[in-house]
Structure formats: structure tokens, C-alpha cells
Amino acid sequence: MPEKNGGTAKQPLKPKKFPERKCIGCGERKKKTDLIRIVRSPEGEISLDFTGRKPGRGAYLCHSVACFRAARKAHRIEQNLTPGSPVPESVYDALEEELQKDDA
Ligand SMILES: [Zn+2]
């Protein structure tokens with residue numbers, strides 16, 4: 001994306017137009033809309049949130065199989081959402097399926 005204001009190293013004081021979230025795989029900050037949201041509902045159920053509107057605590061992941069693998073290997077989803085209890089395999093399966101769709 002091209003810089004609009006000359007591209008100095010200074011941080012702009014204006015608020016950002018898009019909220020940013022950190023990917024739990026690579027740790028990069030990206031626009032929320034560029035990330036997949038994984039949400040833990042108030043009932044403790046983990047699911048993928050494609051609308052960004054499900055209630056509960058969220059974790060974010062790039063549309064990248066590499067980020068998914070890194071996050072899975074390091075158990076980042078449970079670290080972020082369900083400390084002390086494992087993330088169901090079905091959640092990982094659904095995520096992987098979604099990401100492979102993108103790669104195809
Ligand atoms: Zn990432």
C-alpha cells in the first residue's frame with residue numbers, strides 16, 4: 001500500500017481508520033478484516049467467527065497456513081482463549097479447511 005503522507009518514520013497522530021489486531025501465528029499487526037477471528041463464547045465454546053460479531057473473547061490469525069501451523073504448534077489459541085483447557089480438534093480442522101480454501 002502506498003504511503004499518503006510522504007512516508008516518514010513518525011507515527012501519525014490521527015487515529016487509525018481500521019482497528020488492528022495481532023496475529024497469533026506470526027505476531028504481526030494487521031487489519032481486523034484481514035484476519036480470521038477465533039472466538040470463545042461466554043459458554044466456553046470455541047468457534048470461528050466470519051462475521052466479527054460473535055460475542056466473547058477473540059484471537060486473530062492471518063489467512064495463512066504457516067501462521068495456523070505456528071499458532072497450533074505453540075498452543076496459542078488456548079493460551080489466548082482457554083488457558084488450562086485444550087482447543088477441540090474440530091476447531092483446528094475447521095481453521096485448516098478454511099485456510100486451504102484460500103490457498104487453492
Ligand atoms: Zn500471521
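This is a predicted model: local features need pLDDT of at least 70, side-chain atom pairs count only at pLDDT 80 or more; totals for chains, interfaces and linings use all residues.
**Hairpin.** I began with the hairpin that strand 3 and strand 4 form, in which five residues lie between the two strands and Gly-44 in the turn has a positive phi of about 95 degrees. My residue numbers start from 1 along each chain as its sequence is written. For helices (H or I, at least four residues) and strands (E, at least two) I took the DSSP runs, numbered from the N terminus.

**Confidence and layout.** I looked up pLDDT, the predictor's confidence in each residue on a scale from 0 to 100, and found that the chain averages 88, with 84% of the residues at 70 or above. I counted three helices and five strands, and from the N terminus on I read their order as β-β-β-β-β-α-α-α.

**Sheet.** I then followed the pairing of strands, for which DSSP must find at least two bridges between the two, and noted an open sheet of three strands in the order 4-3-5 with antiparallel pairing. Strand 4 (46-49) and strand 5 are at the edges with a single partner strand each, so one side of each has no neighbour in the sheet. Neighbouring strands here are turned by 30 degrees against each other on average, direction ignored, the axes being lines fitted to C-alpha atoms (for helices over the stretch in contact) and angles running from 0 to 180 degrees between N-to-C directions.

I found four bridges joining strand 3 to strand 4, and six bridges between strand 3 and strand 5, also in the antiparallel sense. In strand 4, Asp-49 is the bridge partner of Arg-37 and Ile-46 that of Arg-40, while in strand 5 Arg-57 stands opposite Arg-40.

**Burial.** I used C-beta atoms placed from the backbone and called a residue buried if 20 or more other C-beta atoms lie within 10 Å of its own, exposed if 12 or fewer do, and partly exposed in between. Of the 104 residues of the chain, 23% count as buried. Strand 3 is largely enclosed by the rest of the structure, because six of its six residues are buried; Leu-35, Arg-37 and Val-39 point one way from the strand, and Ile-36, Ile-38 and Arg-40 point the other way.

**Core.** I next looked for nonpolar cores, meaning sets of buried Ala, Val, Leu, Ile, Met, Phe, Trp, Tyr and Cys residues joined through C-beta atoms within 7 Å. The largest has 20 residues, and those with the most contacts inside it are Cys-23, Ile-24, Ile-38, Tyr-60, Leu-61 and Ile-77. At least two residues each come from strand 3 (35-40), strand 5 (57-62), helix 1, helix 2 and helix 3 (89-103).

For contacts I required that the C-beta atoms of two residues, placed from the backbone, lie within 7 Å. Setting aside neighbours within four places in sequence, I found Ile-77 in contact with Ile-24, Ile-38, Ala-59, Ala-71 and Val-87.

**Two single residues.** I placed His-75 in the loop between helix 1 (65-73) and helix 2 (76-81), where its phi is near 55 degrees, a positive value in a residue other than glycine. Most residues other than glycine have a negative phi. His-75 counts as partly exposed because it has 14 C-beta neighbours inside 10 Å.

Ser-90 is in helix 3 and counts as exposed, with 10 C-beta neighbours inside 10 Å. Ser-90 and Ser-47 are 43 residues apart in sequence, and I read 9.0 Å between them, C-alpha to C-alpha.
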